[in-house]
Amino acid sequence: MKPLLRFEAVALRRGGRLLFEGLDLKLGPGEALHLTGPNGSGKSSLIRLAAGLLRAESGRVERTALALADAAPALDRELALGNALKFWARLGGTSGKLDAAIAAMGLGELADVPVRLLSSGQAKRATLARVAASGAHLWLLDEPLNGLDGDGVERLDALIARHRGLGGAVLAASHAALRGEWARLELGR
Amino acid sequence: MIAALIARDVRRAIGGAAWLPVGFFLLVATLVPFAVGPDARLLARIGGGALWIAALTAALLPIERLVEPDRADGVLDQFALHGLAEESVAAAKIAAHWLTFAPLLLLAAVPGSLVLGLGADALRRSLVALAVGTPALAALAVAVAALTAGLPRAGALAGMLLLPLAVPLLIFGAAAGGDGGSGALLLEAAAALLITAGAPFAAGAAIRASRT
């Protein structure tokens with residue numbers, strides 16, 4: 001079966017510093033990879049590389065349609081949360097998945113609250129709901145647990161488990177442990 | 001998809017401060033009589049040019065809100081993940097900025113020309129010249145906004161970039177407003193076309209280069 005994400009002998013250089021080279025990785029349907037490593041080891045850069053937002057110094061990166069959740073929520077601050085999420089769902093043609101995603105992250109009661117009033121944990125939930133509503137098979141999550149409370153972490157774990165059950169793949173960079181079965185890749189050794 | 005982008009930027013501009021550049025435009029036009037005195041003949045002669053200087057300075061004001069908030073908030077990255085070319089995003093931003101900037105500016109040019117004592121003929125010529133120039137002003141604003149997004153002191157830098165690039169527009173536009181018989185309007189249209197057509201590519205490349 002064709003992988004959803006494949007790195008072949010990839011090297012990445014940022015600001016003159018070689019972060020990694022000769023990196024191979026493959027993510028197929030249902031698989032999940034937990035990216036670890038000290039600060040500055042290139043976890044976020046690897047995720048942006050996987051997303052196609054950075055260019056590799058050498059090697060090949062192949063990917064399918066994907067969704068990215070990083071520190072930037074990319075939600076219009078002046079809009080109500082529901083409408084801000086709806087913008088992306090409409091753009092991707094997946095409006096039908098939005099209500100389920102909002103409920104899955106426990107944001108139903110916040111749908112009318114302007115994004116600028118959300119706490120950082122609520123904004124993180126909203127970012128993850130945007131990814132869940134995208135319908136993409138590959139999820140790239142950069143520090144998805146940052147700011148989440150216990151309930152949020154449980155909801156995210158459930159969301160990831162369901163996504164993998166439906167044949168999706170997840171690449172997540174996180175310092176904290178993630179529940180479920182994850183392959184591990186440690187950068188910066 | 002592009003229509004959704006344009007609608008989003010128009011909504012944000014109207015909800016923000018779309019009137020601010022126009023208020024600034026009127027303010028600058030009003031300063032001219034104070035600066036050169038109330039001589040009606042002198043004012044009428046320099047009024048067309050003064051309108052253009054007011055328009056150029058007004059075009060600088062919205063630059064900081066055109067691209068930087070979307071870059072900082074990850075919106076430009078998400079557009080890329082949705083398969084939108086940076087050039088398309090820039091073109092949508094230019095269209096949206098023009099829609100919220102040009103009509104208000106042309107409207108404000110009417111009281112502006114009264115303050116400067118322009119006659120009805122001169123007003124008509126100036127309005128045509130301004131209308132032809134506004135797409136290029138909007139395109140320049142977006143391109144410069146993309147080039148300076150994320151830089152420290154971006155506002156001052158944007159002025160240093162935009163104003164020299166707008167000189168051809170200023171020369172031909174002010175000339176077209178002053179003398180309807182010359183070919184200045186055609187030259188202004190040519191300059192505006194060149195700027196408007198090139199700006200999405202410059203802005204798109206700048207957005208790509210700004211990714212870290």
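**Close-up views of chains A and B**

**Figure 1. The contact between chain A and chain B.** In this predicted model, 13 residues of chain B and 16 residues of chain A make up the contact. On the side of chain B that touches chain A, two elements give two or more residues each: helix 1 (2-15) and helix 6 (75-81) of chain B. The most comes from helix 6 of chain B, which gives five residues. Sorted by class, the side of chain B that touches chain A holds five nonpolar, four polar and four charged residues.

**Figure 2. Chain A as a whole.** Chain A contains five helices and eight strands. Read from the N terminus, its elements follow the order β-β-β-α-β-β-α-α-α-β-α-β-β. The C-alpha trace of chain A spans about 45 × 35 × 30 Å along its principal axes. The radius of gyration of chain A is 16 Å, which agrees with a compact globule, because a globule of 189 residues would have a value near 16 Å. Buried residues account for 42% of the 189 residues of chain A. Of the contacts in chain A between residues at least 6 apart in sequence, 73% join residues at least 24 apart.

**Figure 3. Strand 3 of chain A and its pairing with strands 7 and 8.** Strand 3 of chain A covers residues 32-36 and pairs with strand 7, residues 169-173, in the parallel sense over four bridges. A:Leu33 stands opposite A:Leu171 of strand 7. Strand 3 of chain A also pairs with strand 8, residues 183-186, again in the parallel sense and over four bridges. Here A:Thr36 stands opposite A:Glu186 of strand 8.

**Figure 4. Surroundings of A:Leu159.** A:Leu159 lies in helix 5 of chain A, residues 150-165. This residue counts as buried because it has 20 C-beta neighbours inside 10 Å, and 20 or more is the cut-off for that class. Leaving out residues up to four places away in sequence, A:Leu159 touches A:Ala104, A:Leu128 and A:Ala132. A:Ala104 is 55 residues from A:Leu159 along the chain, yet their C-alpha atoms are separated by 7.0 Å.

**Figure 5. Helix 3 of chain B and its kink.** Helix 3 of chain B (residues 40-60) has 21 residues, and the distance from its first C-alpha to its last is 29 Å, close to the 30 Å expected at 1.5 Å a residue. A kink of about 50° is centred on B:Gly47. B:Gly47 is also one of the buried residues of helix 3, which include B:Gly48, B:Trp52 and B:Leu56. The buried residues of helix 3 pack against several helices of chain B, among them helix 2 (19-36), helix 7 (86-115), helix 8 (120-148) and helix 9 (154-165).

**Figure 6. Helix 8 of chain B.** The end C-alpha atoms of helix 8 of chain B are 40 Å apart, which agrees with the 42 Å that its 29 residues should span at 1.5 Å a residue. Helix 8 bends by about 35° at B:Gly133, and B:Pro135, a proline, follows within four residues. Of the 29 residues of helix 8 of chain B, 23 are buried, so the helix is largely enclosed by the rest of the structure. After helix 8 of chain B comes B:Gly150, with a positive phi near 85°.

Key: Residues are numbered from 1 along each chain as its sequence is written. Chains are lettered from A and ligands numbered from 1 in the order in which they are written. This is a predicted model: local features need pLDDT of at least 70, side-chain atom pairs count only at pLDDT 80 or more; totals for chains, interfaces and linings use all residues. Two residues are in contact if their C-beta atoms, placed from the backbone, lie within 7 Å. Ala, Val, Leu, Ile, Met, Phe, Trp, Tyr, Cys and Pro count as nonpolar, Asp, Glu, Lys and Arg as charged, and the others, Gly among them, as polar. The radius of gyration is taken over C-alpha atoms; the globule rule is 2.2 Å times the number of residues to the power 0.38. A residue is buried if 20 or more other C-beta atoms lie within 10 Å of its own, exposed if 12 or fewer, and partly exposed in between; C-beta atoms are placed from the backbone. Two strands pair if DSSP finds at least two bridges between them. The expected span of a helix is 1.5 Å times one less than its number of residues. The bend at a residue is the angle between axes fitted to the seven residues ending there and the seven starting there.
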